[in-house]
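Please walk through this model with me, one region at a time.

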Amino acid sequence: MESTSTPSSVLRASCSMAEAFDHFKQRCAALPSPFENAKRIQEAFPQLADRVLRDGADSFRGLAVLPGSSEPSQMGNPPRWHEDPYHNNEYVFQLNRMNHWLPMLYTYFLTGDEAYAQKILHELEDWIDACPRGPVTEEDGSWAHRRFNGPAAREWRLLECGIRAYRTWCPVLEGLAASPCLTLEIFGKALHSLHEQCETIYHLSPLAWPRADHNHYLMENLGLLQVSCMFPELSQAEVWKSHAIVELCRCMEVQVDRQGAQIEGCPSYHNGCVFWFAMVMVYSRKYGFELPASYRERFLQMPLYSLYATRPCGTNVPWGDTGTVTGTAVKAAVCAFMGTGDSRWLYLSRQFFSFQDILGEAGEQIWRMDRVSEFCRLLTRLKTEKKKPELPLLYYNRTLNHAYFRSGWERDSLSVQFACRCPVQNLHAHIDPCGFDFTAFGVPMAVDPGRYTYKNGEDRKNFKSMKWHNTLTVNRRDGLGVYPLLGIWPSKAGADSGLR
């Protein structure tokens, strides 16, 4: 699978690139206008529009917040796609997801300024020219990991192929379909690159994640689904679409237990999965395909875990690679509405979060919604309305061996979480069997450290070790039996661990 095809050769035999471009523009013209949706958002919540305009101006100047920087920093103009100024693989991964395109795209919707469209498309062309796909050869079962699923993959890691497709490239092409800046030449180059990225996902992702038990596989197939639905003229579109739907349903069955908890047992990643699974439901409405009833039933249980994994003070219980600064349960509540129209979790989340907290997450998701007017009306009601959960004070998940219990649903209630889970699911887990987290009177008292960094080194090693968790050790040593499951190996028998 080397990059030997031409832009037109990725299409069905009966379709030219000019015809595909015309059909694509016709389909986009029939969709609800993003400019009208932007107008509704600006009228209802001008602060969301103001934030987009600020972020869009930063992105236009080549500024973004990326791993290693705590404030908007220069990424290049156009971005320096290969550089790693902070010696952090996550910097390269995040840069090559092109998240900074989104505020520029939304600014274009708000202002109609073609300079933003031109800037985005210039960067898209630059990436295609600067980052060709390397050769893909079927040597043995480990090739997917070696070449397209680890730090060495950099710009062409499988995960980035999936995220680019659903999160930035497809929304950008759809949003700029009527712009004079999107020419037939650019469209052809973009479609050819998307074909290569989907081809890579289709062939390699099942080899990397044969059990469908990782959130990466979910995102990779989400990108495959979006491209195959948006561009039915692609020669492999129907094959990819059928494969993606089957595998995304398998992800729901494998990754989410019957109580609605994602198997990593990591609250922030669980809430991220609510978003990814919700987007599948958005696509099912947009592109007219059916999902099994079991998919919806299991999805509707997911916000329940999100609620219990939220401390009374509103932050996440920081289990595994979960951030501790802000709670992400609001994401689950917003995405539950986005997926199904279920608003109850938003009302319940007002018990722990301010309206501004909810509005912040709404500003991230509202641009993707197919119910923009309805969501704006709901947000207006949430300014003054909230509901106290009428739920048990104890929640025990049998799959994760997580127990959450609290004295009440007020912000000053006492809450404690216990977990005893070994072996663990993947590298988002820490060596923390029998650990606990305790909050009282709105303040975390016994705090598990959660995630600090994805950068390999002493800090990452310490945050994963038992000695930095609220759990028991024997002679200050970690439990050696869980090291291989975490990708961590002891430097010598009975000593502290070192990252592999």
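Helices (H or I, at least four residues) and strands (E, at least two) are DSSP runs, numbered from the N terminus. This is a predicted model, in which local features need pLDDT of at least 70, side-chain atom pairs count only at pLDDT 80 or more, and totals for chains, interfaces and linings use all residues. Residues are numbered from 1 along each chain as its sequence is written, and side-chain values use heavy atoms, with hydrogens and water left out.

Asn77 sits in the loop between β2 (73-74) and α4 (89-95). Apart from residues up to four places away in sequence, Asn77 touches Phe60, Arg61 and Lys119, where contact means heavy atoms within 4.5 Å. Phe60 is 17 residues from Asn77 in sequence, and their C-alpha atoms are 8.6 Å apart.

Another loop, between α8 and α9 (184-208), holds Ser179. Is Ser179 buried or exposed? Its relative accessible area is 4%, so Ser179 is buried; the cut-offs are under 20% for buried and over 50% for exposed, with partly exposed in between (1.4 Å probe, protein chains only). Beyond its neighbours within four places in sequence, Ser179 is in contact with Tyr108, Glu114 and Ala117. With Glu114 there is a polar contact between the two side chains, at 2.6 Å. A polar contact is a pair of N or O atoms within 3.5 Å; within protein, one must be able to donate a hydrogen and the other to accept it, and residues adjacent in sequence count only if both atoms are side-chain atoms.

Next come the strands. Strand β5 (residues 415-419) is largely enclosed by the rest of the structure, because four of its five residues are buried. Strand β4 (residues 402-406) runs antiparallel to β5 and is joined to it by five bridges; two strands pair if DSSP finds at least two bridges between them. Phe418 of β5 stands opposite Ala403. β5 also pairs in the antiparallel sense with strand β6 (residues 435-440), over five bridges, and Val416 has Phe438 in β6 as its bridge partner.

A pocket is an open set of points on a 1 Å grid over the protein atoms alone, where a 1.4 Å probe fits, with protein on both sides within 12 Å along at least five of seven lines; lining residues have an atom within 4 Å of a point. The second largest pocket has a volume of about 910 Å³, a volume being the space filled by probe spheres set on the points, which are joined across faces, edges and corners. Of its 37 lining residues, Pro32, Pro34, Glu174, Lys286 and Trp367 are the closest to its centre. Helices that each supply at least two lining residues include α8 (158-175) and α12 (267-287).
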